[in-house]
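Work through the exercises below with the structure open beside you. Try each task before you read its solution.

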Amino acid sequence: MTAMIRIESVSFTYPGGVRALDGVSLEVPRGCFMSLMGANGSGKSTLLKHINGLLLPEAGRVSVAGIAVGKDSFEEVNRRVGFVFQDPNDQIFAPTAREDIGYGPVNLGLPPEEVERRVEEAAAQVGIGELLDRPIHHLSYGQKKRLSIAGVLAMKPDCLVLDEPTASLDPMGEHRLMRILHGLNRNGMTVVMATHDVDLVPLYSQRVCLLRAGRVAVEGELKQVFADRELIERCRLRLPRIASLFEQLPGITELPLTVGMARRRLERLMEEDGPLLAAARTLLETEGESH
Ligand SMILES: Nc1ncnc2c1ncn2[C@@H]1O[C@H](COP(=O)(O)OP(=O)(O)O)[C@@H](O)[C@H]1O
Ligand SMILES: [Mg+2]
């Protein structure tokens with residue numbers, strides 16, 4: 001396993017004295033989609049800011065693609081880490097989408113044709129090709145969000161780091177954004193996403209890291225992390241809704257985390273276990289059209 005991001009025993013205290021991270025170690029494998037979960041204040045944003053050197057640890061080390069994150073490597077690390085802020089208004093500043101996406105490539109000193117090529121490509125990747133020359137203030141929140149992602153994609157980063165990317169999006173916007181991230185990941189992009197949306201996480205991530213009061217409570221594959229219900233609740237999260245629904249069925253040990261998993265489980269149950277058929281049918285009808 002090659003790590004794209006390696007975080008080793010990182011601690012960080014804010015000037016006011018809040019110890020936001022307390023000995024965090026975490027590896028994100030190349031090509032992985034990892035969700036960083038935890039209640040508000042558990043340290044998610046602080047940890048993400050260590051990946052691109054916006055914050056530097058008071059103890060411990062961070063590296064990205066083998067490069068040690070530090071003052072000297074700030075520019076190089078920022079090229080490799082596409083950092084997407086929670087609020088796109090903190091990230092976008094140019095008058096039009098075209099200028100905003102082109103800003104990074106222009107700064108890299110790339111020739112105008114290459115800048116233009118990258119702008120068009122990044123805009124197409126997030127579905128805002130038609131909006132390139134619109135004034136920024138005419139864009140919806142969801143469009144701005146996608147624009148902020150295009151801005152980092154134009155830098156051709158090795159990984160994407162997103163802080164609560166679906167916060168404030170409506171359900172369709174949320175779905176659209178997650179499909180984009182999923183597509184990028186399938187094409188090889190390493191993605192780290194902070195979120196507390198337990199219903200979204202199982203649909204898209206391969207691994208989950210759960211933070212609690214600045215420490216890693218657990219890190220692992222999706223099923224492994226969600227299997228420990230007590231720990232999930234101690235971290236002030238809950239099981240995905242579909243899992244809670246299945247808890248009501250008798251004889252289910254491993255709870256499904258997505259509707260797709262639930263459907264497969266129900267189909268197996270229907271083959272194997274006659275008495276559960278009626279309950280399974282009811283559930284299938286209730287959940288039919290979701291994912
Ligand atoms: N700029 C800051 N100054 C002082 N304390 C902060 C600052 N930002 C965050 N904190 C504190 O650090 C802890 C972790 O915050 P944060 O990383 O933002 O958590 P999360 O993103 O999981 O909500 C919290 O106790 C929060 O209040
Ligand atoms: Mg946060």
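Some ground rules come before the exercises. This is a predicted model, in which local features need pLDDT of at least 70 and side-chain atom pairs count only at pLDDT 80 or more, while totals for chains, interfaces and linings use all residues. Residues are numbered from 1 along each chain as its sequence is written, chains are lettered from A and ligands numbered from 1 in the order in which they are written, and side-chain values use heavy atoms, with hydrogens and water left out.

**Exercise 1. The ligand shell**

Task: List the residues around ligand 1 and sort them by class.

Solution: 
- Step 1. Apply the cut-off: a residue is near a molecule if one of its heavy atoms lies within 4 Å of it.
- Step 2. Read off the shell: Tyr14, Val18, Ala20, Ala39, Asn40, Gly41, Ser42, Gly43, Lys44, Ser45 and Thr46.
- Step 3. Sort it. Ala, Val, Leu, Ile, Met, Phe, Trp, Tyr, Cys and Pro count as nonpolar, Asp, Glu, Lys and Arg as charged, and the others, Gly among them, as polar. The shell then has four nonpolar, six polar and one charged residues.
- Step 4. Look for the main contributor. Helices are DSSP runs of H or I with at least four residues, strands are runs of E with at least two, and both are numbered from the N terminus. Helix 1 (residues 44–51) gives the largest share of the shell, three residues.

**Exercise 2. Polar contacts to the ligand**

Task: Find the distances from oxygen atoms of ligand 1 to the side chains of Lys44, Ser45 and Thr46.

Solution: 
- Step 1. Set the limit. A polar contact is a pair of N or O atoms within 3.5 Å; within protein, one must be able to donate a hydrogen and the other to accept it, and residues adjacent in sequence count only if both atoms are side-chain atoms.
- Step 2. Take Lys44: an N or O atom of its side chain is 2.9 Å from a ligand oxygen.
- Step 3. For Ser45, the distance from a polar side-chain atom is 2.8 Å. For Thr46, it is 2.5 Å from a side-chain N or O atom.
- Step 4. Check the cover. On its own, ligand 1 has 560 Å² of accessible area, and the protein covers 60% of that (Shrake-Rupley method, 1.4 Å probe; for residues, only the protein chains shown count as cover).

**Exercise 3. Thr46 in its setting**

Task: Is Thr46 buried or exposed, and which residues does it touch?

Solution: 
- Step 1. Buried means under 20% relative accessible area, exposed over 50%, partly exposed in between (1.4 Å probe, protein chains only). Thr46 is buried because its relative accessible area is 6%.
- Step 2. List its contacts (heavy atoms within 4.5 Å). Not counting residues up to four places away in sequence, Thr46 touches Phe12, Tyr14, Ala20, Leu21 and Leu55.

**Exercise 4. Helix 5**

Solution: 
- Step 1. Twelve of the 13 residues of helix 5 are buried. Among them are Gly142, Leu147 and Val152.
- Step 2. Turn to helix 3: its buried residues pack against helix 4 and helix 5.
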